Each structure stands twice: as structure tokens, then as C-alpha cells.
Amino acid sequence: EVSDEAQSVVEANYQGNRSPYIGQYMFNIQHELTQNLVFEAGYLGNQGHHLSRFAIINQAVLKSGPTDTRSTVNRRPFPAFGPIQEVLNVVNSNYNAMNFKVTQRFSKGLTFLAAYTWAKAIDNGSGIRTNSGDTLWPTNSYALNNERGLSQFNVARRLVASFVYELPFGHGKPFATSGPAAAILGGWQLGGILTFADGTPINGTQLGDTASLGNLGNQMNATGISPIPSDRSAQHYWNAAAFDWTSSNLTWQTGNLGRNTLFTPGRANADASLARTVRLFENHALNFRFEAFNATNHPNWNAPPTDPRSSTFGIITTAKTMRQLQFAMKYTF
């Protein structure tokens, strides 16, 4: 008999894969509110079929019960081989979104666009090579439907607004139309981008191969308690009481915790710019530009540790890039 430790992973591509395809559908309505202002509302959806992900052929079957003492090798369909990692076209996905948009075309020195999306993306595998926080191998390759959950890239709500405004000073503007004031204040443009978005789903840390399936890890059990604490803070972002990793059932069953059940912190960001072009000669100009990224210096948190067995679980210790200032000057001729 070959020992569990002696077996290595075989990598392959399944020859019976079918071509993946995605069907997309949308419906939009536009309404002109004023001569320069347009409102748009719409629905966008798609469905993907036969998309690719890793799955394990020759994975050991589940034990029949807590008294089943068969080894991982003995429970494999082909005991002479270890796990056979295949790229299989077994993923189905769907995306549904409601979109709202308001557009102001350039008028009286102002143009802006604001868009809001309310969406949900679901699949049973978000890619062949998953990003950090998703599962590379299924917990049980014989029950791929159990992997169905929110896509790793799902963003439930997102609001983005951008604008450019020519300050009302200088020649042809309402104020400071001539003289030194026009020379100093005229020609400036103020711009900005505002972004507010929910966080993306992330999978809680898996246990080891507690059910002896020869996989990368077993899910924990869900206790029914919400993973979002009532007193949520940066020091208590997730609730460890939502997870059970001590149940004896996990030695012969897969955990019932769903895939991608935690959510990373959302994002609130404001970028701003101030620019001016000074005409020197007929074909010569000097452009000044000042930009502030994350202008309000708002902390956008990174995801905290995801292992509820750890004392650092749910404690946020790092943030994305804080305020950055940039100055540029360009001479054109």
C-alpha cells in the first residue's frame, strides 16, 4: 500500500472540457432633465457557463462515519495515484446589477458624472488561479455546488462621481475679468473623483485536511451567529463566535461554512486636482498641476487576519495608502 505522504499531485487538463460562454443582457432608459443634464437608469446582467476552475480528480471520498478508519489512500477511486489536479469547465456564474447615472455636459464651466451601481455576482469558482482569500481547490470536488457563493470580486454597492470646474475668475468669467486679479486668478480648473464602495467577499481561514480527503483544507462550521459584531470597530471587525472549528464531525465531514462569507472593509476616497494653463506665446504654454490622492487622508483599512483561532482575528492593523501630494509642471510648444 502506498502511504498518503508518498503520493504527489498530478496536474492535467481534462480533454472533455466544453467551450466556456457568457450571455449578457441589458436595458437602459435615458431622460434629459435639462438641456445639459441627463439621467440614466438601467439593468445589466450576464450568465457564464462552463467556466474554468481547479478541481481534484481522484480525491478521497468522505468517510462513512466517525468510526471509519480507512486511510485517505484507501478511499481514493484509484489508490495508486495521489490527487489529480484538473482544469475543469464546471463553473456557472451570474451577475445582476442596477445602475443609475447622472451626466452634466460642460456648461457654465462645470462638467460632472455620478454613477451608482447596486450589484451581486455569484459563482462556484472565481478563477483558475484565485486571489488571496478564495479557495484554490474545492473542499469536496464531488460536491462543487457547495462552492457556490459570492464571487471574490463582488462589490455590492459602488458610487463614483467625478467633476471638473473652471473657477469663475478671469477673462470671460463673472468675476475678476481684467487686470492683475484676472492674471492671477484666471484660468484655474478644480477637479475631483469621489469613490465609495463596499468591501469584497473573502473566505475565512480553512482548517487543515481534518476529514482526510487529500485536499488543501476543510471549512469550519457556521454556528448561526453573525460574523459582524454589534460593536464593530477596527479592533473587533469580525466575530469569532460565528465559527466552530472544534466539532468532532469535522474529522469525517466537510464543514458547512459557505465560501466567501466574510467581507473586507469598504472604501471611501476623494482625489482632487487644481490646474492652470498659462499661454506664453502663440504656440507656447505652461501647465501647472497640483494633485492630492486621498485628499482627506481618510483611512481605508486592509482586511484583518481571517483565522478565528488566532488572537489577532478581526483586528485591523494596516491601511491602504494615505494622502499623497503631487505637483507637476509641463511646457508645451
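User: How many helices and strands are there in the protein?
Analyst: This is a predicted model, in which local features need pLDDT of at least 70 and side-chain atom pairs count only at pLDDT 80 or more, while totals for chains, interfaces and linings use all residues. Residues are numbered from 1 along each chain as its sequence is written, and side-chain values use heavy atoms, with hydrogens and water left out. Helices (H or I, at least four residues) and strands (E, at least two) are DSSP runs, numbered from the N terminus. Counted in this way, the protein has one helix and 15 strands.

User: What is the radius of gyration of the protein, and is the protein compact or spread out?
Analyst: The radius of gyration is taken over C-alpha atoms, and the globule rule is 2.2 Å times the number of residues to the power 0.38. For 333 residues that rule gives 20 Å, and the protein lies well over this value, so it is more spread out than a compact globule. The C-alpha atoms fill a box of roughly 95 × 45 × 40 Å along the principal axes. The radius of gyration asked for is 28 Å.

User: What percentage of the 333 residues count as buried?
Analyst: Relative accessible area, found with a 1.4 Å probe on protein chains only, sorts residues into buried (under 20%), exposed (over 50%) and partly exposed (in between). Of the 333 residues of the protein, the share that counts as buried is 35%.

User: Which residue has a side chain that makes a polar contact with the side chain of Gln85?
Analyst: Gln85 belongs to strand β4, which covers residues 84-107, and Gln85 counts as buried because its relative accessibility is 6%. Beyond residues up to four places away in sequence, Gln85 touches several residues, including Val9, Phe54 and Trp137, where contact means heavy atoms within 4.5 Å. A polar contact is a pair of N or O atoms within 3.5 Å; within protein, one must be able to donate a hydrogen and the other to accept it, and residues adjacent in sequence count only if both atoms are side-chain atoms. At 2.7 Å, the polar contact partner of the Gln85 side chain is Trp137.

User: How many aromatic pairs does the count come to?
Analyst: Rings of Phe, Tyr and Trp (its six-membered ring) pair if their centres lie within 6.5 Å, and planes under 30 degrees apart count as stacked, over 60 as edge-to-face and the rest as tilted. By this rule the number of aromatic pairs is six.

User: Why is the pair of Tyr25 and Tyr43 called stacked, and how many residues apart in sequence are the parts that it ties together?
Analyst: The planes of the two rings, Tyr25 and Tyr43, stand at 20 degrees with their centres 6.2 Å apart, so the pair is stacked. Tyr25 lies in strand β2 (residues 21-32) and Tyr43 in strand β3 (residues 37-57), so the pair ties together parts whose separation in sequence is 18 residues.

User: What kind of pair do the rings of Tyr237 and Trp238 form?
Analyst: Tyr237 is buried at 10% relative accessibility, and Trp238 is buried at 2%. The centres of the Tyr237 and Trp238 rings are 5.8 Å apart and their planes are at 65 degrees, so the pair is edge-to-face.

User: How many residues make up the largest nonpolar core?
Analyst: A nonpolar core is a set of buried Ala, Val, Leu, Ile, Met, Phe, Trp, Tyr and Cys residues joined through side-chain atoms within 4.5 Å. Among the members of the largest one are Leu207, Tyr237, Trp238 and Phe313.

User: Which residue makes a side-chain polar contact with Asp307?
Analyst: Asp307 is found in the loop between β14 (284-293) and β15 (324-332), and Asp307 is buried, with a relative accessible area of 18%. Leaving aside neighbours within four places in sequence, Asp307 is in contact with Thr205, Met220 and Phe313. The side chain that makes a polar contact with that of Asp307, at 2.9 Å, belongs to Arg309.

User: What is the phi of Ser212?
Analyst: Most residues other than glycine have a negative phi. Ser212 lies in the loop between β9 (201-202) and β10 (221-222), and Ser212 is partly exposed at 22% relative accessible area. Its phi is a positive value in a residue other than glycine, near 55 degrees.
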